[in-house]
Amino acid sequence: MIDFFRGLPLWLGVSVAVAIIFVRGMVYYWIGRAVGPRIYTSKLGRRIGEGRLRRVEAMVARRGVLAIVGAHWVAGIRHAIPICAGVTRMPLPRFMLGSVIGAALWTPPWIVGGYAVVWGWLKVFRESPPAAAALVVAVAALVTGLVVLRRRRRGGAPEETVAQDQPGSSSTPVG
């Protein structure tokens, strides 16, 4: 197998990355455990919103280990759930089980996928620099288009909400 990063075999690089993600979750858990419910009134807690953090806490209480495993797949939540698990004092063995499974399932696709993208792009660049440049332009155009589309959709949402909130308006569609 091709050497991964600075001579590491791919399997070892993935194993190290899984361990790092596991340790990250443990650090968040212990921060939550040390700070406790004060997290909700901290500067960060006020910024995120106590209501949001309480919903995450409720998710941890309802789903337990599954919430810890699933948290790895959702940006933002992957940081909040381990903290809330610590705040609620989820038993450490249960948290560790969910964290090991989540890290083992989430990390390899990102590492191997990133590895494939980087080496694939380098191969395209070696064989045809103009094709590599065209690929970069196409990806940039796609990302720009998605950002513009998202902003337009967000821009339309408040007007619809205002129209529905006015007295005498009906939420029943016409037609």
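The largest pocket holds about 180 Å³ of space, a pocket being an open set of points on a 1 Å grid over the protein atoms alone, with protein on both sides within 12 Å along at least five of seven lines. Grid points are joined across faces, edges and corners, and the volume is the space filled by probe spheres set on them. The model is a predicted one, with local features needing pLDDT of at least 70, side-chain atom pairs counting only at pLDDT 80 or more, and totals for chains, interfaces and linings using all residues. Residues are numbered from 1 along each chain as its sequence is written, and side-chain values use heavy atoms, with hydrogens and water left out.

Two or more lining residues come from each of α2 (43-48), α3 and α5, where helices are DSSP runs (H or I, at least four residues) numbered from the N terminus. Helix α5 has the largest share, with five residues. By class, the pocket lining splits into nine nonpolar, three polar and one charged; Ala, Val, Leu, Ile, Met, Phe, Trp, Tyr, Cys and Pro count as nonpolar, Asp, Glu, Lys and Arg as charged, and the others, Gly among them, as polar.

One cavity of 30 Å³ or more turns up, a cavity being a set of grid points where a 1.4 Å probe fits but cannot get out. The largest cavity has a volume of about 60 Å³. Its lining (residues with an atom within 4 Å of a point) includes I21, R24, I68, H72, I81, F95 and S99, and α1, α4, α5 and α6 each give two or more residues to it. Six of the cavity-lining residues are nonpolar, three polar and two charged.

S99, one of the cavity-lining residues, sits in helix α6. S99 counts as buried because its relative accessibility is 2%, the cut-off for buried being under 20% relative accessible area (1.4 Å probe, protein chains only). Leaving aside neighbours within four places in sequence, S99 is in contact (heavy atoms within 4.5 Å) with F22, G25, I68 and H72.

As for the packing, the largest nonpolar core has 26 residues, of which I81, A85, M90 and F95 touch the most other members. Such a core is a set of buried Ala, Val, Leu, Ile, Met, Phe, Trp, Tyr and Cys residues joined through side-chain atoms within 4.5 Å. Helix α1 gives the most to this core, seven residues. A85 touches Y29, V60, I68, M90 and F95, not counting residues up to four places away in sequence.

Conventions. Buried means under 20% relative accessible area, exposed over 50%, partly exposed in between (1.4 Å probe, protein chains only).
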